[in-house]
Amino acid sequence: MGSLIGCSADTRTSEMIEALQLEFMRNALVAGILVSLVCGVIGTLVVVNRIVFLAGGIAHAAYGGIGLAFFMGWPYVAGTTGFSLLAAGAMAAVTLKAKHRADAMVGVIWAVGMAAGVILLDLTPGYNVDLMSYLFGSILAVPVSDLWQMGLIGIGVIAIVTWYYNDFLAMSYDDEFARLRKVPVTFLYCLLLGMIAVTVVMIIRVVGLILVIALLTIPPFIAEKFTGSLRAMMVVSSALSCMFTLSGLWLSYSLNLTSGATIILVAAGGFVLSAFWGRLRAMRGFGMIRGTQSSE
Amino acid sequence: MAEIIIDVQGVWFAFNGHPVLQDVDLKVERGDFLVVIGPNGGGKTTLLKLMLGLLEPNRGTLSVFGRSPRKAVHRMGYVPQNVHINKTFPVSVLDVVLMGRLRTSSGWSRHSRQDRLAAQAALERLGVWALRDRRIGDLSGGQLQRVFIARALVSGPEVLFLDEAMASIDAQSRGDFYEALAELNQTVTIVAVSHDMMILSSHVKSVACVNRDLHYHGSGEITQEMLDAAYRCPVDLVAHGIPHRVLCRHEDQRDD
C-alpha cells in the first residue's frame, strides 16, 4: 500500500473516477460489498461453530454441481444450488450421526465433488468452461442480474439470522444447554449448512472458490478477538471484508493483478497486522493486570 | 414425607457396549440437597444426563415431576461440568445468562423485558451483576461458575443439577460457594455430582455413591461401607479442617 499512498493525491482520485466510470468496475464494487455483507454474517457463524472445514467441503463439492449443470445443460444456479444443498445435507447427516468420523467423510465429499465436476466438464461436448475462472472467480465480469440475485440472498440470510439470532448464539456457544432450553439445534444446524451452500454457490461465480473460504474465515477470525458479541463480530467482519475487497480490487486494478488473489493477499496482510496488534494489546493488558494486582 | 420429584427405577445404561450404570434406583425428594459421589468414570455424569433427558436409558424407567425428563426439562436447571468451553467466544455475561430464558415461545428469538429482569435478578442473587458486561472469557473460575448457575436459575427451575461444580473454584471461595448453594437450597432442590468428597459440607442432606451401581445414604454422611462398595477397594475417609459432618460420628458422640 506504501507505493499507492506515495503517488500524488490528484492522480489517485482521477484514476479512481476513471475506474468508476467503467460499468464493470461499478458492478465489481457492488458485488464486493454484497459478498462482504453475507460473508461477514455467515463467516462469523462458521468460525464460532468451528465448521470451516465443512464450509470448505461444501464449497468444493459445489464444483460437482457446476460440472453437472453444464453436462446436463441445466441453468447454472439451479444445478449448482441443488447439488450443493445435497452435499450440505449429506454433511449435516454425517456430522450429526457419526461425529467421530465426520472430518474424514467431509474430506471424501470434498474430493469426490470436485473430481466429479472436472470429469463432467471433460465429458461435456463443445465449449468447455475454464475451471480456473471458478477458482478465482471473475469479479470484474459480474452481470447486473447476478447483483440482484446476490442482493436477494443477502437479505434472506440477514433476515433468517436476525429472526433466530439468540438461538444461533445459544447453539454456537453451548449446544447441549441450548437443546435443554428447547432450541431447535438440529434444525438450526441444517439451516446454517443450507445457508452456507446457497451463499457459496452465489459467491463462487463472483469471487471464486478460494476467496469464498478466505472471506468466510479471515475477517471473522480477526473480528472475534476485538468484539464483545456475536452481532458486533458480524458487523466488524462485514466491514473488514468490505475493506479488504475494495482495497484489493483497487490494488489489482492499478497494478494489473488477478483481483481474487489480490483481495486474499490484502486480507492476509490484515490478518498478520491484527495478530501483531492483538499480541501488543495482550502484552499491555497483562502489564495492566499486573499493575492493579500489585497495587491492591 | 416430602414429595418425590425424581424417581429412577432399575435403570441400565451402556455406552458402546460397555456398561456404565447397572440397575440404579434413586429417589429424590423436594427440597433435598443430594450429592452424588464416585470415582471418575463411575457413571455420575451419565446419571445426571439421564435425569436431564440428554441420554435415554437402555432399560428401566426414569421420571422427573412424574413425567419423562424431556417433558419436564423446563422445570430443571443445569450447570454443566465444563464451564471453560469456548472461552474465546465473543459473548457477554448477561447474554450467557439470557440463554437460560430461551424459547419460552416459538417465533422471533428476541428477549423480552421480563427476560432481562429475570437475568438481572439471577445475577444479583449470585452476586455477579457487576460483571454483566464483561466478556465471558475474562472471568475467573469461581465467577464463571456463578454465572453458569445464574444461567440455570434464570428460568426459575424447581431442581438444579450441578456437574462437578467445585472443580473450577479455588479452595478459599468454596466456603462462600457452599453458603450460596445452601441459600438456594431453601427454595430449590439441588442434585450435585462430584468426584471430590470435599463437596460434602454440613449443608448436604443426602449422599449417593455411584460406581456402576448406586448406594444411597439418607443423610449427608458417608460410611466406610458405602465407600468400600462404591470404590471397590478400601478408601480412607479423610476429613479436612472445617468442621463438616463428613464422617459418621461415633454413636456415643451423637447428640443431635
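In this predicted model, chain B and chain A together bury about 2700 Å², and carbon and sulfur atoms account for 57% of that area. On the chain B side, the residues that lose the most area to chain A are Phe89(B), Pro90(B) and Arg103(B), which together make up 22% of what that side buries.

**The interface between chain B and chain A**

- Chain B brings 31 residues to the contact, while chain A brings 27 residues.
- Two salt bridges are counted between chain B and chain A, and one of them joins the side chains of Glu176(A) and Lys49(B), with an N to O distance of 3.0 Å.
- Nine residue pairs are in polar contact between chain B and chain A, with both residues of each pair at pLDDT 80 or more.
- On the side of chain B that touches chain A, the elements giving two or more residues are helix H1 (44-52), strand S5 (76-79), helix H2 (93-98) and helix H4 (141-153) of chain B.
- Sorted by class, that side of chain B consists of 16 nonpolar, eight polar and seven charged residues.

**Chain A as a whole**

- Chain A has 13 helices and zero strands, and its pattern along the sequence accordingly reads α-α-α-α-α-α-α-α-α-α-α-α-α.
- Chain A has 296 residues, of which 49% count as buried.
- The accessible surface of chain A comes to about 14000 Å², and 71% of this surface belongs to carbon and sulfur atoms.
- When contacts in chain A between residues at least 6 apart in sequence are considered, 75% of them join residues at least 24 apart.

- Once neighbours within four places in sequence are set aside, the residues in contact with Thr95(A) are Leu54(A), Ala102(A) and Tyr189(A).

Note on methods:
Residues numbered from 1 in each chain as written. Chains lettered and ligands numbered in written order. Predicted model: local features only at pLDDT ≥ 70, side-chain atom pairs only at ≥ 80, totals over all residues. Heavy atoms only, no water. Contact = heavy atoms within 4.5 Å. Buried area = accessible area lost by both parts, 1.4 Å probe. Salt bridge = Lys/Arg side-chain N within 4 Å of Asp/Glu carboxyl O. Polar contact = N/O pair within 3.5 Å; in protein donor to acceptor, adjacent residues only side chain to side chain. Helix = DSSP H or I, 4+ residues; strand = E, 2+ residues; numbered from the N terminus. Nonpolar A, V, L, I, M, F, W, Y, C, P; charged D, E, K, R; others polar. Buried < 20%, exposed > 50% of the residue type's maximum accessible area, 1.4 Å probe, protein only. Areas by Shrake-Rupley, 256 points an atom, 1.4 Å probe, with all protein chains shown as cover.
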